[in-house]
Amino acid sequence: MNYLSVENIAKSYGERRLFENISFGINKDQKVGFVAKNGTGKTSLLNILAGTDSPDEGQVIYRNDIRVAFLSQEPNLDPELTIEQSIFTSENPTLKVVEQYEKAMLNPEDADALQKAMDAMEANNAWDFETEFKQILYKLNLEDLQAVVKNLSGGQKKRLALARMLLKKPDFIILDEPTNHLDLDMIEWLEDYFKKQDFTIFMVTHDRYFLERVCNEIIELEDGKLYTYKGNYSYYLDKKEERHQLEATNTDKAQQLYKKELDWMRRQPKARTTKSKSRIEDFHEIKHRASQRRQDHKVQLELNMERLGSKIVEIHNISKELGGKELINHFSYTFQKGERLGIIGKNGTGKSTFLNMLTGNMKPDTGKIVIGETVKFGYYTQKGIKIKPGQKVIEVIKEFGDYIPLKKGRQISAEQLLERFLFSRKKQYDFVEKLSGGEKKRLYLCTVLVQNPNFLILDEPTNDLDVLTLNVLENFLLDFPGCIIVVSHDRYFMDKITDHLFVFQGEGEITDFPGNYTDYREYEASKPKADKSPSEDTQSKKEKKEYKSNSTGPSLSYNEKKEYSKLEKQIATLETKKEEVQKRFLQELDGDEVAENSMKLKEIENEIEAKTERWFELMEKLEQ
């Protein structure tokens with residue numbers, strides 16, 4: 001079933017042509033990732049599909065009966081509403097039923113209103129939706145429903161917009177960088193959520209693991225042409241490489257044929273026969289094919305780096321508290337040459353505070369940080385580049401000098417440096433405020449690296465960078481001889497760059513984990529789960545709950561009470577089945593039997609986890 005048809009659309013801004021003659025279609029259940037370089041119009045295309053902008057040419061046609069939702073990079077929210085009000089103004093009619101039920105729960109003494117609300121929940125099959133509604137809010141850390149939108153941070157607004165979109169239950173979703181401002185747990189939950197739900201999706205994201213695990217098709221815009229790959233991100237990479245190799249082979253053949261035909265053209269007399277005129281026309285086509293060159297620009301970074309001495313950074317027993325919240329508690333560490341450190345942890349656990357103390361922008365409450373004399377920090381922050389009105393791209397770099405030193409005593413001009421960062425000579429004289437978000441981030445990265453740091457600190461460097469630029473940045477960082485600290489929600493980037501992690505656990509605790517992000521997740525998943533049953537301690541219950549209402553009235557419906565009573569027996573039965581399957585691995589099994597039992601064990605474990613989480617959720621409501 002076709003949901004969307006895009007027919008020959010084009011878009012320009014002044015003399016700048018973003019794209020033209022773009023055509024494609026999206027069918028039900030497709031989850032499409034859109035890949036293109038920064039500045040080629042990715043966000044403009046999404047705005048056109050969402051109806052917030054219009055193409056200069058062509059048309060976008062949706063199926064009449066589908067609900068479309070758009071998550072933009074800058075959410076459009078009413079600043080005067082609370083989180084709760086913002087959610088209940090969504091278009092899903094079931095939300096209105098849930099809203100009336102939530103209001104009735106706040107006034108349990110009005111038995112008639114409460115019963116009426118519960119009957120409406122029953123009639124609209126809204127109990128499961130209410131559970132999902134509360135789960136989404138909990139997973140996106142939006143539990144303070146009375147917080148006013150204008151007082152929220154940028155990340156909170158993005159998460160609120162995401163929650164509103166998901167709760168609309170749209171048929172077709174358009175996403176512009178959906179993982180920005182989400183911590184790693186949120187991103188992995190969102191991946192699983194999209195896998196389970198029957199959404200049709202068209203997205204732009206720099207998160208390659210997200211593309212890998214969510215998308216079943218990749219569309220790439222390259223040199224003004226669209227290429228479609230019927231698979232996930234790994235499939236796209238393989239097939240793109242095959243296409244490039246084929247194009248290179250065809251170009252080589254065309255060049256050989258061109259030389260032959262060029263020799264023939266030079267030997268021909270001025271009087272042309274009909275046959276020779278036809279061959280002359282073919283010659284011009286061959287010449288065009290032979291002159292094609294793949295424009296695979298690369299950011300070639302060979303900037304000079306100050307030598308690091310033996311003492312780099314020493315952290316001695318530091319502690320920090322902000323707003324009555326303990327972020328770092330008696331932490332010590334000594335950095336060595338070549339450190340490649342990743343920092344992970346939920347939002348608000350102190351990651352940015354740690355970086356600010358490291359770079360001297362904030363002081364620890366106790367302890368001290370000793371910086372070596374030769375250390376020169378390059379600090380790439382989330383704030384990005386400071387734009388001066390009327391400033392041109394070239395002027396930003398010339399603030400650091402007309403010529404920039406390279407390795408081995410060489411130097412290049414500011415213009416040449418910008419070309420290495422994929423800014424053409426024409427682009428260098430554009431005003432900075434006219435650049436796309438990704439181009440501004442690339443320019444900001446250039447200003448950090450041009451100062452020749454030997455200790456790089458990168459706070460969310462991957463946001464708004466296109467996949468192609470990310471690959472080049474990764475290759476540079478792999479060769480960078482100094483120290484690197486990376487804070488990023490891009491798991492692919494973290495895996496490729498880092499070799500150990502600081503895990504900010506919360507409540508001041510920081511753990512040094514010897515491995516990359518995937519190693520850490522596998523380690524966490526391998527921890528024994530036998531103790532995690534409905535009888536586990538109060539703290540574990542608190543971690544497992546999906547959402548906790550602050551209402552005081554009766555909190556379980558009749559159907560929920562029946563479900564609650566059955567869950568303990570079902571979990572016990574599943575645990576028995578799990579033990580039986582595990583015992584089979586002690587027997588001699590062939591390859592097929594091992595695979596079959598592994599699959600069964602995984603299914604049972606997933607079911608135990610789902611039912612246990614539901615048990616905790618109902619138990620929390622019952623105890624209110």
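Helices α5 and α6 are roughly antiparallel to each other, a label for angles over 145 degrees. This is a predicted model: local features need pLDDT of at least 70, side-chain atom pairs count only at pLDDT 80 or more, and totals for chains, interfaces and linings use all residues. Residues are numbered from 1 along each chain as its sequence is written, and side-chain values use heavy atoms, without hydrogens and water.

**Helix packing**

- α5 spans residues 127-139 and α6 residues 154-167; helices are DSSP runs (H or I, at least four residues), numbered from the N terminus.
- Their packing angle is about 160°, and their axes lie 10 Å apart.
- Axes are lines fitted to C-alpha atoms over the stretch in contact, with angles from 0 to 180 degrees between N-to-C directions.
- Contact (heavy atoms within 4.5 Å) comes from Phe-129, Phe-133, Ile-136 and Leu-137 of α5 and from Ala-163, Leu-166 and Leu-167 of α6.

**Nonpolar cores**

- A nonpolar core joins buried Ala, Val, Leu, Ile, Met, Phe, Trp, Tyr and Cys residues through side-chain atoms within 4.5 Å; buried means under 20% relative accessible area (1.4 Å probe, protein chains only).
- The largest core holds 58 residues, and Phe-133, Leu-140, Leu-166 and Phe-194 have the most contacts inside it.
- α6 gives the most to this core, with seven residues.
- Another core, of 43 residues, lies apart from it and includes Leu-184, Ile-385, Ala-414 and Phe-423.

**Helix α1**

- Lys-42, Ser-44, Leu-45, Leu-46, Ile-48 and Leu-49 are buried in α1 (residues 42-50).
- Gly-51 follows α1 and has a positive phi, near 85°.

How values were computed:
Helix = DSSP H or I, 4+ residues; strand = E, 2+ residues; numbered from the N terminus. Parallel < 35°, antiparallel > 145°, perpendicular 65-115°, else oblique. Buried < 20%, exposed > 50% of the residue type's maximum accessible area, 1.4 Å probe, protein only.
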